[in-house]
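Let's take a walk through this one, starting with charged side chains and ending at a helix.

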Amino acid sequence: MKRLLAAVLLATTGIAQAGNFTIASASFANGGTIPLAQVFDQHGCAGRNVSPAVAWSGAPAGTRGFAVTLFDSDARAGKGFWHWIVADIPASATHLTAGGALPNGAKPGKTDWGFAHYGGPCPPVGDAPHHYHLTVYALRVTKLPAAALRSHAALAAALAHDSLASASIVGRYGRAKPN
């Protein structure tokens, strides 16, 4: 699974454009700091836990649906942490609003927080700022397998198999040690 996840991340890390397929967020810029609005609101983090705004354009021909993820590649000694998974987004969709309702038919997946909704960044105090990869996947299918919404290994496999293209931006967030 680690190799498969690495392959998915290598295909999507640090880019804001893949061919004509592009991603943008009004919530944070590529390479910028994730604002408190998107930071988790528990475990000592003082954010508002609002999912980020994300928009995309230029999906390749044959796109039948989309998926959106937010993944912390620095967590758990490099094993990563899934903060947000949304699958089965209709092909007609072009964005998700910050904190907004999901489009009809879209389904949230189980995050590493243990629930099926957005859970923002909350890295350990004193860690260097973590890198959060906000990725949109253009899919050749309208729906991912149900198992992909419950298992991160199944998610990584489904995304690797069913993606036509992906585009990512990376936000950073860290919590300094108190003085």
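Start with Arg 76, which makes a salt bridge with Asp 112, their closest N and O atoms sitting 3.7 Å apart. A salt bridge here is a side-chain nitrogen of Lys or Arg within 4 Å of a carboxyl oxygen of Asp or Glu. The pair links distant parts of the chain, 36 residues apart: Arg 76 belongs to helix H2 (residues 75-78), and Asp 112 to the loop between strand E7 (107-108) and strand E8 (130-139). Helices (H or I, at least four residues) and strands (E, at least two) are DSSP runs, numbered from the N terminus.

A word on what you're looking at: this is a predicted model, where local features need pLDDT of at least 70 and side-chain atom pairs count only at pLDDT 80 or more, while totals for chains, interfaces and linings use all residues. Residues are numbered from 1 along each chain as its sequence is written, and side-chain values use heavy atoms, leaving out hydrogens and water.

By the salt-bridge rule, the count is two. In the other pair, Lys 107 meets Asp 88, with the closest N and O atoms 3.4 Å apart. Lys 107 lies in strand E7 and Asp 88 in strand E5 (residues 81-90), so this bridge ties together parts 19 residues apart in sequence. Asp 88 is buried at 5% relative accessibility, whereas Lys 107 is partly exposed at 36% (buried is under 20% relative accessible area, exposed over 50%, partly exposed in between, using a 1.4 Å probe and protein chains only).

Now over to helix H3 (residues 152-162), whose buried residues include Leu 155, Ala 156 and Leu 159.
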